[in-house]
Amino acid sequence: MAKAFFRLQKFLRRTQFLLFFLTAAYLMAGSLLLLQRTRLVIQQGSRGTSANQALLVPDGMAGVGIVDPRMLQNPRAGPRLLVGMDALQEPALDQQHSPRWLVSRNSELRQLRRRWFHRFISDQEPLQTAGFKVMKHTAEHKGTYLGCFSEDSRERTLKGAVFYDLRKMTVSHCQEACAERAYAYAGLAYGAECYCGNKLPATASKPEECNSECKGEKGSVCGGVNRLSVYRVEELRAGARRRRNVIYRGCFRAPENLTDTFPASLIQPNLTVEMCSEYCSKKEFPLAVVRGRECYCGYPTGRFPLHDGANGQLCAGAHDAGSAAQGKYCRVYQTPVQDTRCTDRKFLTTKSKGFVALSSFPGAGNTWARHLIEHATGYYTGSYYFDGALYNKGFKGEKDHWRSRRTICVKTHESGKTEIEMFDSAILLIRNPYKSLMAEFNRKYAGHLGYATDRTWKSKEWPDFVNSYASWWASHVLDWLKYGKRLLIVHYEDLKQSLIPKLREMVEFLNMTVTEDRLLCVENNRDGNFKRSGAKQKDFEPFTQEMKDLINRYILTVDEALRGRNFTGLPREYVPR
């Protein structure tokens, strides 16, 4: 009996780990299955309730609220659109008659989240450890290494321009960026941040304190925590110097007292624009102002906001002796130097009391709006998603959990009762659906800054995309109008045309106060890092007449819903074409 008991005990010891592993795997698989089913039910329930708000319905079913999915496949078969505030009433949706486009939209959303998440994960690099060894400075870098310096993040010495690349930063990349903008020194910190300036930091640090490896260049050092690896930038070749952007801003009436308005000035016989721009760049000012042989350097300010331009002929006559315009007008140029009065950003020091969404349909300018809000308020914005490309370019709120309440507002493309009621208030950004659809299609197939190929536009992907996303554009606005607790409606086109008034309105909605000079700084840096270069013109019309008919119906629905809630209707350019 004892022998049999001993054998049993030995067998159980051998299989103990195996049994434990199988039990844990079984429980984990069951939990994941339960969570997946629960999420599916929530998505279909919360989003499905508002699915019919922008749907085409037959005349005989206008008041019923149930749509046959087959009707959605043929919009030319005599349907009409649900308009007015009746469309905002929640219909009782039957599981059997749930519209197919809603399922497609939910699938697109899940794929969108998945793609953003995986891209974020793949973009991340392992963090540096405290015991990182001092790395050698390779001889490949064009500039001269000057050493490791201490830098106070609150009052930087190298603050002429700031760049981030948390994936591909190299010493050469930082040097070239600073050289293109006429700076003398380039400093790197945290392995991924680049700072430019014309003044060398005062406090030197021990070489081993610069211990962060460059994210895009193994074996090279890119500063450390509050430490800068500083290089003297090599003078660019003549051909490269010509590539420095000096932009003519226009002719403006000169302030009454130029010496009080502009911090630096130069009087030079035979003064040229290049001479003035070079002088102001070395002084780290973004504006070069030319009046005769006088050169002034400074920023856009309340005294000189650059809003009311004058006729260029007045500046041409301002240099002629005896001219009535002599001395009253000046020419203004944008130097390669970045306006840094609004570039410093941080997380909120205490958790925000209000939970604010920055909501939009994809392709409606959400990233641009985040850029404007961050630079106006000085605080990071968060995101419901994880986009590694945005994080790598300085949107550090991407990495923060979206419910941390450490950001001024949270980007979201979500709609549906559950997702909307999580927020206390929201800025709802709306853009022309024709432009939004094209922008999102470009981003989907060519990234944030690229353009989809003509071949992609002419493939079946484009009509499938329009059929799936056009209804989402409408239902997104209708859902937020219905479930949003406190809304500020901002039209992308209005923000683009009247930047400062609209941005001030958005900042006040966020319970923040900003100075006029900071808003002018934002206007001076309005484009950010995610503006596509130019508008790539196509030699064909991407929207078929069937697509236009579909989109125009949705435009009318959204316009009617906005007016029904006492908001301003859609801009005139939205008028169906």
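This is a predicted model: local features need pLDDT of at least 70, side-chain atom pairs count only at pLDDT 80 or more; totals for chains, interfaces and linings use all residues.
Visitor: What holds the strands of a sheet together, in general?

Guide: Strands of a sheet pair through backbone hydrogen bonds, and the pairing is either parallel or antiparallel. In this model, five strands form an open sheet in the order β10-β14-β12-β13-β11, and the pairing is antiparallel.

Visitor: Which strands stand at the edges of this sheet?

Guide: The edge strands are β10 (247-253) and β11 (264-267); each has a single partner strand, so one side of each lacks a neighbour in the sheet. From one strand to the next, the twist averages 20°.

Visitor: Over how many bridges do β11 and β13 pair?

Guide: Four bridges join β11 to β13 (residues 294-298), in the antiparallel sense. Within this pairing, Ser-265 has Tyr-296 of β13 as its bridge partner.

Visitor: Which helix packs on the sheet?

Guide: Helix α7 (residues 273-282) does, touching β11, β12 (287-291), β13 and β14 (329-334). The direction of α7 makes about 35° with that of β13.

Visitor: Let us turn to Ser-360. Is this residue buried or exposed?

Guide: A residue counts as buried if its relative accessible area is under 20%. Ser-360, which is found in strand β15 (residues 356-360), has a value of 0% and is therefore buried.

Visitor: Which residues does Ser-360 touch, not counting those up to four places away in sequence?

Guide: Ser-360 touches Asn-366, Thr-412, His-413, Leu-429 and His-476. His-413 is 53 residues from Ser-360 in sequence, yet their C-alpha atoms are 5.4 Å apart.

Visitor: What are the distance and angle for Phe-441 and Trp-462?

Guide: Their ring centres are 5.0 Å apart and their planes 65°, again an edge-to-face pair. Phe-441 belongs to helix α12 (residues 433-446) and Trp-462 to helix α14. Phe-441 is buried at 0% relative accessibility, as is Trp-462 at 2%. One aromatic cluster includes Phe-361, Phe-441, Trp-462 and Tyr-469.

Visitor: Which residue lies over the face of Phe-347?

Guide: Arg-406 does, at 4.1 Å from the ring centre. Arg-486 likewise lies over the face of Phe-509, at 4.1 Å from the ring centre.

Definitions and conventions: Residues are numbered from 1 along each chain as its sequence is written. Side-chain values use heavy atoms; hydrogens and water are left out. Two strands pair if DSSP finds at least two bridges between them. Helices (H or I, at least four residues) and strands (E, at least two) are DSSP runs, numbered from the N terminus. Axes are lines fitted to C-alpha atoms, for helices over the stretch in contact, and angles run from 0 to 180 degrees between N-to-C directions. Contact means heavy atoms within 4.5 Å. Buried means under 20% relative accessible area, exposed over 50%, partly exposed in between (1.4 Å probe, protein chains only). Rings of Phe, Tyr and Trp (its six-membered ring) pair if their centres lie within 6.5 Å; planes under 30 degrees apart count as stacked, over 60 as edge-to-face and the rest as tilted. A charge sits over a ring if NZ of Lys or CZ of Arg is within 6 Å of the ring centre and within 35 degrees of the ring normal.
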